[in-house]
Amino acid sequence: GNAVSWYTSLNEALSEVKSLEEPVREGRYEGSLVHVVGTTFGATLQDEEFGVASENALAIRRVVEMYSWVEDRDTRTERDSQGNERQHTTYRYSKKWSSTVQDSSHFNENYRGEYNNPASLPFRERTFSSSVSAKGGFELSERLRSQLLHWEELYVSATGTSSSSGSNAVVAASSPKGFRAVDGALYHSASGGKISANSPRVGDTRVTFQKVTGGRTVSLIAQQSGKYLTPYRTSTGKEIALTA
């Protein structure tokens, strides 16, 4: 079965892996499964649309949310006095921050006129990534890189202001019109009125940012393929690509 296949693959990997004392490419290990310990190096990444930049980053991510009505349905099966079964659905509506469009046209027809949301988000979520390399010149495949994405929240402030969030503080140098920095995030009021992080209104937009920081020491087990570390395929067809 699958468990046996994985057991065989891991044993094969254990017998084949070559540990490199230094994270330096060696021609004799080309195509081999290698164990490397090294330090990741990031770059300065920028979201030009919002003017947010962060140094030593493997990736930064823009998260866009809208304050929206959300429909929850609770369906129960009930029996009447004759023993016949029927389904009864209760609809509840609450206001929440949502990173996906809550399509109010699909709400229960009895409530559509009462609970209305905008049809789209004004901006989309985006991720900006650098090519991830480790000391010694190795670059990581997409799969290995994804295993290193430990996201941290960034504290966004307006140009000319300061915050106490240390290395996770960034400045929104050129936010789109109508956005203001409040409590580490960027807010836009749908009504054009005063922005409040504590009492938002339906249709308001919140934009936050996250970062994966470089400079971490990582342990990698993967195949040496030129300058890249890539998944290693065992004789059973399983792929080995491990990070710690």
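Contact here means heavy atoms within 4.5 Å. The model is predicted.

## Glu12 and its surroundings

Glu12 belongs to helix α1, which covers residues 2-16. Once neighbours within four places in sequence are set aside, Glu12 is in contact with Tyr232, Thr234, Ser235 and Thr236.

Glu12 is buried, yet no salt bridge is found for this residue. The nearest side chain of opposite charge is that of Arg233, 10 Å away. A salt bridge requires a side-chain nitrogen of Lys or Arg within 4 Å of a carboxyl oxygen of Asp or Glu.

## Pro231

Pro231 sits in the loop that runs between β15 (228-230) and β16 (232-233).

Residues up to four places away in sequence not being counted, Pro231 touches Ser141, Arg143, Gln223, Glu239, Ile240 and Ala241. One of these, Arg143, is 88 residues away from Pro231 along the chain, and the C-alpha atoms of the two are separated by 7.7 Å.

Strands β11 (residues 179-182) and β12 (residues 185-188) are paired antiparallel, with four bridges between them. They make a hairpin in which two residues separate the strands. Asp183, in the turn, has a positive phi of about 50°.

Strand β12 is also joined to β13 (residues 205-213), again in an antiparallel arrangement, by three bridges. Tyr187 of β12 takes part on both sides: Arg180 stands opposite Tyr187, and Tyr187 stands opposite Arg206 in β13.

## Salt bridge between Arg62 and Glu49

Eleven salt bridges are found in a search of the whole structure. In one of them the side chains of Arg62 and Glu49 meet, with an N to O distance of 2.8 Å. This pair links distant parts of the chain, the two residues being 13 residues apart. Arg62 is in strand β4 (residues 52-79), while Glu49 is in the loop between β3 (43-47) and β4.

Glu49, with a relative accessible area of 39%, is partly exposed.

Glu71 counts as buried because its relative accessibility is 15%.

Asp74 and Arg76 form a salt bridge as well, and their closest N and O atoms are 3.7 Å apart. Asp74 is partly exposed, with a relative accessible area of 29%. Arg76 counts as partly exposed too, at 36% relative accessibility. Both residues belong to a network of salt bridges that links Asp74, Arg76, Glu78 and Arg86.

## Gly27

Gly27 is placed in the loop between β1 (18-19) and β2 (33-41). Its relative accessible area is 67%, so Gly27 is exposed; that class begins over 50%. Gly27 and Thr243 are 216 residues apart along the chain, and 22 Å separates their C-alpha atoms.

How values were computed
Residues numbered from 1 in each chain as written. Predicted model: local features only at pLDDT ≥ 70, side-chain atom pairs only at ≥ 80, totals over all residues. Heavy atoms only, no water. Buried < 20%, exposed > 50% of the residue type's maximum accessible area, 1.4 Å probe, protein only. Lys, Arg positive; Asp, Glu negative; His and termini not counted. Pairing = 2+ DSSP bridges.
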